[in-house]
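Open the model in your viewer and keep the selection panel at hand. The tour below goes from one selection to the next and says what is there.

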Amino acid sequence: MSEKILYSYTGIFNSPDEIIHAAEKAVEKGYKKYDVHTPYPLHGMNSVMNLPPSKLGYIALIVGLSGALAALLTMFWISAIDYPIVIGGKPLFSFPAYVPIMFEVTVLSASIATVLAMLFFFFKLPNNAHPLNGTEYMQKVASDKYGISIQCDEKLFEEKSVIEFLKSVHAKDITPIYYDNEEINYKHKIFEPKFILFLVIAGLITSSVTYFTLNKLMFIPPFTWMMDQSRLDVQSSSVIFSDGYGMRNPVEGSIARGSLPYQFQGQPELAGEKLINPLPSTKNVLELGLKKFDIYCSPCHGFYGEGNSRLQGHFPNPPSLHSDKVRNWPDGRIFHVITDGQNIMSSHASQLNVDERWAVVNYVRVLQRAFNAKESDLQ
Amino acid sequence: MSFVDYTKEIQVVEGKQPLRTIDDIISKPLETKPDKKFYIAISVTLTMLMFGVIGLGLTFWYGIGMWGNNNPVGWAYDIVNFVFWVGIGHAGTLISAILYLFRQKWRTGIARFAEGMTIFAVMTAGLFPLIHVGRPWLDGYLFPYPNQHSLWVNFTSPLLWDVFAVSTYLTVSLIFWYVGLIPDFASLRERTANKFKKITYSIFSLGWRFSNRHWQHYEMVYLILAGFATPLVLSVHTIVSFDFAVSILPGWHTTIFPPYFVAGAVFSGFAMVQNVLIFVRRIFNYEHIITLNTLEKMNKIMLVTGSMVGYAYAMEFFIAWYSGVQAEQFTFFNRALGPYAWAYWIMVTCNVVSPQLFWFKKIRRSIPIMFVVAVFVNVGMWFERFVIVVTSLSRDYLPSSWAYYTPTLVDAMILIGSFGFFFTWILLFTKALPVVSIAEVKAVVDGAQPSHKDH
């Protein structure tokens, strides 16, 4: 295509009054596909050109309200459903506290949507390829002149009559505007070498920056996720103390919280006599006992205390807990075995605290009763 | 006796400028190489910025223990600077949005510049909460996003409202600014002969073609944005004041804070805009676009907001007495007469007393005096935030934990750095973008609008 295609005829005016007059005449003449170009918005031009009021306000309204609603629902879902945490004694869904964020989201979403709608939907920008861009006409109306352009896809378009019209309203510099052939004939080529090179370079930069950030930067102080701390770790040496150890022994005679020494070490019978089970067989206690029994006792004793170890072959099987001997033991005697160990079984005092041991005792009692149930238990 | 006709509107742009001259004057800084003065100025601001960078480096390396904050003053320079800079930003939105809604034409000459200052001030302000978390590279956690920890933010916290308010404010200001810049980019695109510049301006102008079918929607969007930005600017400093007002600390727990903070923000913002504009109009010969009348009007706004701030100071004292709450009364005695009395009286002198000079027309129109007063105002407004934050924290309910806060050298370096950051952006802005809106100024030149004689 070497022939130039006509886009429009343009005329230039020197004063705002003249252009208003020209626009009026264009409307009178019945032109529809024309446009007025001025370096700044002219008062009254909208009514002269009979432009319908802008609909952008509706976009702001709709998007703004949806933004507010979305913010409210998100906050409701997050703080009342997905992550319910009571803060400051306030209800999980505390509407007054959400108002500021709802407002901000409304403003943010409405402003962005309105501007994007105007630029990309209403104006169809970016459009640097528009035939008017890059012309002398555009240079003039961008600075201090006022122009009118009558497009050739106008129904009433006839070259002569349009030129005549422009002359009749005293337009200067009446010039035709043509489509730029280069722009029309331009076809996007995806496999252009330049584009491929751009992709390769962009990919290289992105991947190397990502690699550097995730594998190197995050391990360079100070970004070390608090891995370097100037505190004494367990078993590290220290110059502060004369013995060079970082770890300190507790003061002689000190007892850790909850670790009263066991009185009946090596005296199982005495323990059975003297120790009284402090815990009642409530649901909570038994549930705790079940949990602890399954964790610490069941590997050897089996889930039901029958002595059918899951570690068969590695450890000798313990005797069943349902023997008459064990059933007739007082609670304190069983407690003693857990605390002090017996034969090959070691002490479980470090795994289970006092309450947990008693809970396990209660649970063992339940197991024993279940295995030797009487008729009356069924009722 | 001279007679002034107040019924006639004062010309916004002095003298009847041909439109092409306006183009020439406004785009001149963009088309000429920076001169020696520019290099001197930017080396000063970059030096200041470097102090900040060193201060921040020390902070990141050793932790925020490098600052003077300690029990009981857990918030100090960082939050003072944050509130100060956010406040500076408020003038820009006030000028571009609120004065637009009130149809104040004198805003056209200064709107673009003030909007730019808003953006730079909010950027500067945003640095402080980000560095105050101690590990700024983890700041992403401030936003509610679905993450592998299954953790969400606390929506009832004013600090989170702040995150939303400040980021919305920055985004909307940027959009507002860019929308205003589009026609100017198009003007520059048509002017320039330089190929690189032409491509850049073409990209940013999006192919704008000054069509009146576009101008109509454009004006509507400007109106809508102004309508949104107006409550937004009021909400931002309101929410910033909630950081304090929602707590139960005497001296912070007051309902007067939101209006008081907004007035203070506009006050300090106008002072900063006025200070910078005095240089800009002189250096770039914009005296007839940013006229003395405009500066005088800004001084009047400073007088109004300064008096409002003064009223708020007095009202705080009155309410402390009237409430009968001992802790509250003590806090205010402590402010005026306690260990930080020096800061309090600097604040009162600068903020309440100095703007009262603007009652005199001679002073309102004298550039050196108004410059000095505005500097005082900025110093005073910085001290206002210092007084609110530090005096209240340093002596709270429990006398055994009282302590006197002293900033460290690193604190001072970061404060200097924040000024360097802000003014570096300002300087780059003056050379990179038109600091006065070309399209808007043309529209208010005498004879630019149709006379409508036949209507």
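Two residues are in contact if their C-beta atoms, placed from the backbone, lie within 7 Å. Helices (H or I, at least four residues) and strands (E, at least two) are DSSP runs, numbered from the N terminus. This is a predicted model, in which local features need pLDDT of at least 70, side-chain atom pairs count only at pLDDT 80 or more, and totals for chains, interfaces and linings use all residues. Residues are numbered from 1 along each chain as its sequence is written, while chains are lettered from A and ligands numbered from 1 in the order in which they are written.

**Stop 1: chain B**

Select chain B. Its secondary structure consists of 15 helices and zero strands. The radius of gyration (taken over C-alpha atoms) is 23 Å for chain B, close to the 23 Å that the globule rule (2.2 Å times the number of residues to the power 0.38) gives for 455 residues, so chain B is as compact as a globular protein of that length. The C-alpha trace of chain B spans about 75 × 65 × 45 Å along its principal axes. A residue is buried if 20 or more other C-beta atoms lie within 10 Å of its own, exposed if 12 or fewer, and partly exposed in between; these C-beta atoms too are placed from the backbone. Of the 455 residues in chain B, 48% are buried.

**Stop 2: helix 6 of chain B**

Select residues 195-205 of chain B, which form helix 6. Which residues of helix 6 are buried? They are B:Tyr201, B:Ser202 and B:Ser205. These residues lie on the same side of helix 6 of chain B, because they cover an arc of only 105° around the axis. The arc is that of the directions from the helix axis to the C-beta atoms. An α-helix has 3.6 residues a turn, so residues three or four places apart point the same way.

Step past the end of helix 6 of chain B to B:Leu206, which follows it and has a positive phi, near 60°.

**Stop 3: the nonpolar cores**

A nonpolar core is a set of buried Ala, Val, Leu, Ile, Met, Phe, Trp, Tyr and Cys residues joined through C-beta atoms within 7 Å. Select B:Val86, B:Met117 and B:Val273, the residues with the most contacts inside the largest nonpolar core, which has 146 residues. Helix 7 of chain B (residues 212-245) gives the most to this core, with 17 residues. Another core lies apart from it and has 34 residues, among them A:Ile20, A:Val48, A:Met138 and B:Ile182.

Go back to B:Val273 and show what surrounds it. Not counting residues up to four places away in sequence, B:Val273 touches B:Ala91, B:Ile110, B:Ala114, B:Met117 and B:Met298.

**Stop 4: chain A**

Select chain A, which has 13 helices and four strands. The radius of gyration of chain A is 44 Å, well over the 21 Å that the globule rule gives for 379 residues, so chain A is more spread out than a compact globule. Its C-alpha trace spans about 125 × 60 × 45 Å along the principal axes. Buried residues make up 27% of the 379 residues in chain A.

Colour chain A by domain: domain 1 is 1-186, domain 2 is 188-249 and domain 3 is 268-373. These bounds come from an automatic or database domain assignment. The centres of domain 1 and domain 3 of chain A, taken over C-alpha atoms, are 82 Å apart.

**Stop 5: where the chains meet**

Show both chains. In all, 62 residues of chain A are in contact with 52 residues of chain B. Helix 4 of chain A gives the most to the side of chain A that touches chain B, with 16 residues.

**Stop 6: backbone details**

Select A:Leu125 and A:Pro126, which are joined by a cis peptide bond with omega of about -5°. A:Pro126 is in the loop between helix 4 and helix 5 of chain A. In chain B, the peptide bond from B:Asn71 to B:Pro72 is also cis, with omega near 0°.

Last, select B:Asn285, in the loop between helix 8 (257-283) and helix 9 (292-323) of chain B. Its phi is positive, about 55°, although B:Asn285 is not a glycine. Is B:Asn285 buried or exposed? With 10 other C-beta atoms within 10 Å, B:Asn285 is exposed.
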